[in-house]
Amino acid sequence: MTGTATHVNEQFAEAAFSNQSVIFDELYSGDTIIGYKRKRVRDHILQYLKPGGSILELNSGTGEDALFFAKKGFKVHATDISKGMQQQLQEKVLKHGVQHLVSNELCSYTQLKQLDNKGPYDLIFSNFAGLNCTGELDKVLGSFAELLNPGGMVTLVILPRFCLWETLLVFKGKFKTAFRRFFSSKGRKAHVEGVYFDCFYYNPSYIKNRLKRDFEVLDVEGLCTIVPPSYIEGFAEKHPRAYKILTAWEDRLKTTWPFKYIGDYYIISLRKK
């Protein structure tokens with residue numbers, strides 16, 4: 001994408017998520033599989049991040065993860081391009097009394113060189129495919145090293161270019177969804193709250209190759225590889241026994257080939273050399 005196209009796409013994404021910000025928590029906070037995904041991501045980070053560390057969160061949304069880590073004693077600088085999401089986050093921070101641990105800044109992750117609070121940090125964190133909203137992920141990744149302390153970490157949760165569950169939807173006749181990640185190098189249209197914007201898919205190899213000079217890979221985990229994606233609504237509630245079995249299998253296989261590469265998302269963590 002050209003710089004102009006990227007800027008326009010970011011404007012559409014900002015509008016979409018600002019529209020969604022007031023209902024975001026109502027839509028997703030009670031969903032069992034989303035709760036499972038959040039716990040997986042948080043547990044993944046806590047096994048590496050030392051207590052009391054500092055976090056730069058990208059696409060922080062309404063602040064669910066920022067609040068979680070603040071209550072664990074971490075300092076979080078929560079950034080987002082959406083004014084609506086930042087407003088919801090600020091209200092939560094005050095409500096929970098963690099304003100001494102959570103700061104916020106309206107900033108696109110494609111403009112991290114313009115951050116007011118440049119850290120340095122112990123972790124740069126982006127959850128739930130926020131980074132899939134840019135066609136300039138290489139630019140974002142290139143800004144990480146100078147924002148981190150020596151030995152600092154990056155943890156990203158990204159949509160890959162193939163998802164087993166999604167592809168299997170072809171057998172339900174949902175061809176558009178089943179094949180939307182195929183041939184997606186120029187992006188696919190996403191639709192949120194009446195606004196369309198481009199979404200891009202990136203395999204772990206893309207992240208590794210662009211960070212290999214300054215970072216070493218710690219771990220890659222598949223997320224919703226065996227457990228169904230959350231857009232298969234109500235699965236955990238309708239099939240609690242099957243859901244329990246699938247989570248047990250995913251927990252066993254999440255870091256093995258091919259399961260770490262074929263989920264709805266993957267979690268990748270790298271450490272600065």
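Ile262 is buried, with a relative accessible area of 15%. Buried means under 20% relative accessible area, exposed over 50%, and partly exposed in between, using a 1.4 Å probe and protein chains only. This is a predicted model, in which local features need pLDDT of at least 70 and side-chain atom pairs count only at pLDDT 80 or more, while totals for chains, interfaces and linings use all residues. Residues are numbered from 1 along each chain as its sequence is written, and side-chain values use heavy atoms, with hydrogens and water left out.

Ile262 is found in the loop between α11 (240–253) and β9. Such labels follow DSSP runs: helices are H or I with at least four residues, strands are E with at least two, and both are numbered from the N terminus. Leaving aside neighbours within four places in sequence, Ile262 is in contact with Phe162, Cys163, Leu164 and Thr225. Contact means heavy atoms within 4.5 Å. Glu221 is 41 residues from Ile262 in sequence, and their C-alpha atoms are 9.9 Å apart.

How many disulfides does a search of the whole structure find? It finds zero. A disulfide is a pair of cysteine sulfur atoms within 2.5 Å. Cys163 is in no disulfide; the nearest cysteine sulfur belongs to Cys224, 8.3 Å away. That is too far for a bond. Cys163 is buried, at 2% relative accessible area. Cys224 is buried too, at 0%.

Now the sheet. Seven strands form an open sheet in the order β3-β2-β1-β4-β5-β9-β8, with mixed pairing. Two strands pair if DSSP finds at least two bridges between them. Strands of a sheet pair through backbone hydrogen bonds, either parallel or antiparallel. β3 (102–106) and β8 (215–223) stand at the edges; each has a single partner strand, so one side of each is left without a neighbour in the sheet. Neighbouring strands are turned by 15 degrees against each other on average, direction ignored. Strand β1 (residues 54–58) runs parallel to strand β2 (residues 75–80), and four bridges join them. Leu56 has His77 as its bridge partner in β2.

Helix α9 (residues 204–211) lies across β5 (148–158), β8 and β9, running at about 15 degrees to β9. Here axes are lines fitted to C-alpha atoms, for helices over the stretch in contact, and angles run from 0 to 180 degrees between N-to-C directions.

The aromatic rings come next. A search of the whole structure finds eight aromatic pairs. Rings of Phe, Tyr and Trp (its six-membered ring) pair if their centres lie within 6.5 Å; planes under 30 degrees apart count as stacked, over 60 as edge-to-face and the rest as tilted. Phe69 and Phe125 pair edge-to-face, 5.9 Å centre to centre, with 80 degrees between the planes. Phe69 lies in helix α4 (residues 64–71) and Phe125 in strand β4 (residues 121–126), so the pair ties together parts that are 56 residues apart in sequence. Both Phe69 and Phe125 are buried. Phe128 and Tyr265 form a tilted pair, 5.8 Å centre to centre, with 40 degrees between the planes. Phe128 lies in the loop between β4 and α6 (137–142) and Tyr265 in strand β9 (residues 265–272), so this pair ties together parts that are 137 residues apart in sequence. Phe128 is partly exposed, at 22% relative accessibility, whereas Tyr265 is buried, at 10%.
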